[in-house]
Amino acid sequence: MTFQQLARRSLQTRLALAYAAGIYAAGVFVLVLVLVPLVSVDGAAPEGRPSSGVTTGAGPGISLTQLLTGSAIALIILVPVALALGWFVAGRFLHPLRTITATARIISAGDLHRRLDLGEPTDELTELGRTLDDLFARLQASFDAQRHFVANASHELRTPLAGQRTLLEVALAAPDGDTDTLRSACQEALALGEHQERLVQALLALATSERGAARRDRLDLAQVVERALAFRRDQATERGIDIAEHLTPAVTAGDPKLIESLVANLIDNAIHHNHAGGHVEITTRTSGTQAVLGVTNSGPVIPGDQIQRLFQPFQKLAPDRHGRRDGYGLGLAIVNAVAQAHHATLAADARVDGGLNVAIRFGSQGT
């Protein structure tokens, strides 16, 4: 037997010895409980009278010496019996743990779809198995989401790079190209570069949000909303979108930069994914011990089963909607990441006549 096998069975050995020691101690206790009174009675018997070890009747009884000898032999025989019983019980007890270890080793090797499925009976070990199954499911979902994110990010970054290369190659290959042609190609390349730069900034914002809150400062959501709206009112006016605000103090604690990113992305999403003549309503209020931020906007009808998907990276209800390229499907993902970093509750539901209602509840002053 190798060292690894001995190490792997050390727990079973210790449990077997513990069970055997318990059984042996119980046997010794029972014998002592029986023999001590007999010895006391035998020692107190008058001379000439039969002792407690002698019986009258059809045949001779068992003497105290024989009883003690038989008890000693029984205790000796009990040792291997107790060890064997303890080894068997320990093996049965550790079988689910060995199953968990073997399956976890397979999963760690790359088979994330494998599960323990310990089944019945329901006890502490099967509860542990179910907890680990839930953990493995979350890990699988996390790895799948990461791979999906990397693939989408690569695709989004490759598109403007390929466009830039094509523009430059066409401009350089044109035999009759002049200054105006080159200037036009450079301007289009710069536009694609700006598109790529905005995408990288959005990716950095998402990564920063998922990293978590680095600080906890006291802030008022109403003031954060006012600052965000100051830079977006003109954009909403150009699109023919009316903004209504109902701001009352809503004090919470969090990372100011992340909270500002959350508010900005919520408002941007409400403006960009709207229609001419639409509206956006923004509210801040305090409800009990929570600071609540609400954003409601008109827009296209959103199926109820698509709402949760929109809060994942690179997910859009309709890609390249309205022919614009001002969205990457990252805005609501950043909102979701910031909310999770602050342990805030995010609720979203689709409006019957189109658009989205989003409500985020923060702990009041960091509670």
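This is a predicted model: local features need pLDDT of at least 70, side-chain atom pairs count only at pLDDT 80 or more; totals for chains, interfaces and linings use all residues.
Q: Which residue in strand 7 is the bridge partner of Ala347?
A: Ala359 in strand 7 takes that place. Strands here are DSSP runs of E, at least two residues, and helices are runs of H or I, at least four residues, numbered from the N terminus.

Q: Good. How many bridges join strand 6 to strand 7, and which way do they run?
A: Six bridges join them, and the two strands run antiparallel. Strand 7 covers residues 356-363. Two strands count as paired if DSSP finds at least two bridges between them.

Q: Which residue in that hairpin has a positive phi?
A: Gly354, with phi near 110 degrees. Five residues sit between strand 6 and strand 7.

Q: Zoom out. In what order do the strands of the sheet come?
A: The order is 2-4-5-7-6. That makes an open sheet of five strands with mixed pairing.

Q: Which strands are the edges?
A: Strand 2 (242-247) and strand 6 (345-350). Each of these pairs on one side only.

Q: And how many bridges join strand 4 to strand 5?
A: Eight bridges, with the strands running antiparallel.

Q: What about Thr284, buried or exposed?
A: Thr284 sits in strand 4 and is buried, at 1% relative accessible area. The cut-offs are under 20% for buried, over 50% for exposed, and partly exposed in between (1.4 Å probe, protein chains only).

Q: What is Thr284 in contact with, apart from its sequence neighbours?
A: Beyond four places in sequence, Thr284 contacts Leu221, Ala222, Val225, His246, Leu247, Thr248, Ala250, Val292 and Leu293. Contact means heavy atoms within 4.5 Å.

Q: Where does Phe314 lie?
A: In the loop between helix 9 (307-310) and helix 10 (331-341). Phe314 counts as buried because its relative accessibility is 10%.

Q: What about His343, what is its phi?
A: About 55 degrees, again positive without being a glycine. His343 is in the loop that joins helix 10 and strand 6.

Q: Is that residue buried or exposed?
A: His343 is exposed, with 69% relative accessible area.

Q: New topic. How many salt bridges does the structure hold?
A: Seven. A salt bridge needs a side-chain nitrogen of Lys or Arg within 4 Å of a carboxyl oxygen of Asp or Glu.

Q: Take Arg130. Which residue is its salt-bridge partner?
A: Glu127, with the closest N and O atoms 3.4 Å apart.

Q: Why are Arg130 and Glu127 about one helical turn apart?
A: Because they are three residues apart in helix 4 (residues 124-173). Arg130 is partly exposed at 35%, and Glu127 is partly exposed at 38%.

Q: What links Arg165 and Glu169?
A: Their side chains form a salt bridge, 3.0 Å from N to O. Both residues belong to helix 4, four residues apart, about one turn. Arg165 is exposed at 57% relative accessible area, whereas Glu169 is partly exposed at 44%.

Q: And Asp268, which residue does it bridge to?
A: Asp268 pairs with Arg232, and the closest N and O atoms are 2.6 Å apart. This pair links distant parts of the chain, 36 residues apart. Asp268 is in helix 8 (residues 256-272), while Arg232 is in the loop between helix 6 (221-230) and helix 7 (233-238).

Q: Is Asp268 buried or exposed? And Arg232, buried or exposed?
A: Asp268 is buried at 18% relative accessibility. Arg232 is buried too, with a relative accessible area of 15%.

Note on methods. Residues are numbered from 1 along each chain as its sequence is written. Side-chain values use heavy atoms; hydrogens and water are left out.
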